[in-house]
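Reader: Please take me through the aromatic rings of this model and what surrounds them, with the criteria stated as you go.

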Amino acid sequence: MSILKLAPASVVDEPDKKAISKLISTDEPLAAASTYLFSANPEYGSVVVSGDKAGIPFSQWLTDYGYHALGTDCDQYGKLPLEIRGLGGEEGKLFYSLNKTKPSLWVITEAKPGAVVYLGEGEKTESAQFLASLADGSFTKGMEDYEVVPQMTAEVDAGTTYVVDDRVRILEVTPTVDLPAELHMHVFDHEEEIEHCDDPDHDHDHDHGYHQGDGVIDGSASFSAGESNSLYEADFYLVDGSMEMSTDSRSFKVLVFMSGTAVVDDHEETIHAEKGTVIFAPASSKPFRITGNCNFMMVHLNA
């Protein structure tokens, strides 16, 4: 089974105003559009842009091929159990949510010096008062401020009110299925940058080998376990050279490139990757090679 390159529907089909409007409806209200980088939602989700299926929605590809492409760990859900989107305000505008609907992992991908994220409790925030405070800048008085830097990660709970200034860009991994609340940490428990180690075969406390097929071929590839819960794990790789990666029968892998460039090749499909590129590797797919100088996040199920 070949790897797939995916792109946001709003980018592939720019005139589709309905799809674009859906992008900003998940966490109401939003001041600026978010972009769904990895989603099987038939209205605003990803579109396949590589191979002989290029041009069809990812949701249609899953229906045609079969949900076994997601792996046996996904059988209990019956659908793609997570989404990944990019968050960030337009220049001069704030990006905000009054009451976050799902718990999420945030990865800060860009942050100019002094960039700040503001967090508060949604149930203590009145809508009209909050919107008025955004207009006059007084919202900062009722929220905790966190200075952020690139590569910082944090778990953000459902029910959170947040405001992000236009100097910050975020990758957000969000479940589409319910998770027990106690499995989520307090916001910004981890305020340090992602620390990479030099062993992509790093042993995890899991009963299966998601990383057994990952290894350096030439040059170097450093690895860091990011955040995990009962549903997924997000890991981070910094590659300078060439490495190989594969999937087992338990889970797919999705790669989101955060910086640099690379060529990803599984001997059937050759994909050129750069910042923002998303690659889906189905469960039980053949090994694929990543060659270049790049930094990417890899997400897999952790059932």
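Author: Buried means under 20% relative accessible area, exposed over 50%, and partly exposed in between, computed with a 1.4 Å probe on protein chains only. This is a predicted model, in which local features need pLDDT of at least 70 and side-chain atom pairs count only at pLDDT 80 or more, while totals for chains, interfaces and linings use all residues. Residues are numbered from 1 along each chain as its sequence is written, and side-chain values use heavy atoms, with hydrogens and water left out.

Reader: Which kind of aromatic pair do Trp61 and Phe280 form?

Author: Rings of Phe, Tyr and Trp (its six-membered ring) pair if their centres lie within 6.5 Å, and planes under 30 degrees apart count as stacked, over 60 as edge-to-face and the rest as tilted. Both Trp61 and Phe280 are buried. Their centres are 5.8 Å apart with 80 degrees between the planes, and the pair is edge-to-face.

Reader: Why is the pair of Phe252 and Phe280 tilted?

Author: Phe252 counts as buried at 0% relative accessibility, and Phe280 is likewise buried, with a relative accessible area of 0%. The ring centres lie 5.7 Å apart, and the pair is tilted because the planes stand at 40 degrees.

Reader: Which residues do ring pairs link into a cluster with Phe280?

Author: A search of the whole structure finds 16 aromatic pairs. Among them is the edge-to-face pair of Trp61 and Phe280. The cluster that ring pairs link together holds, besides Phe280, the residues Phe38, Phe58, Trp61, Tyr65 and Phe252.
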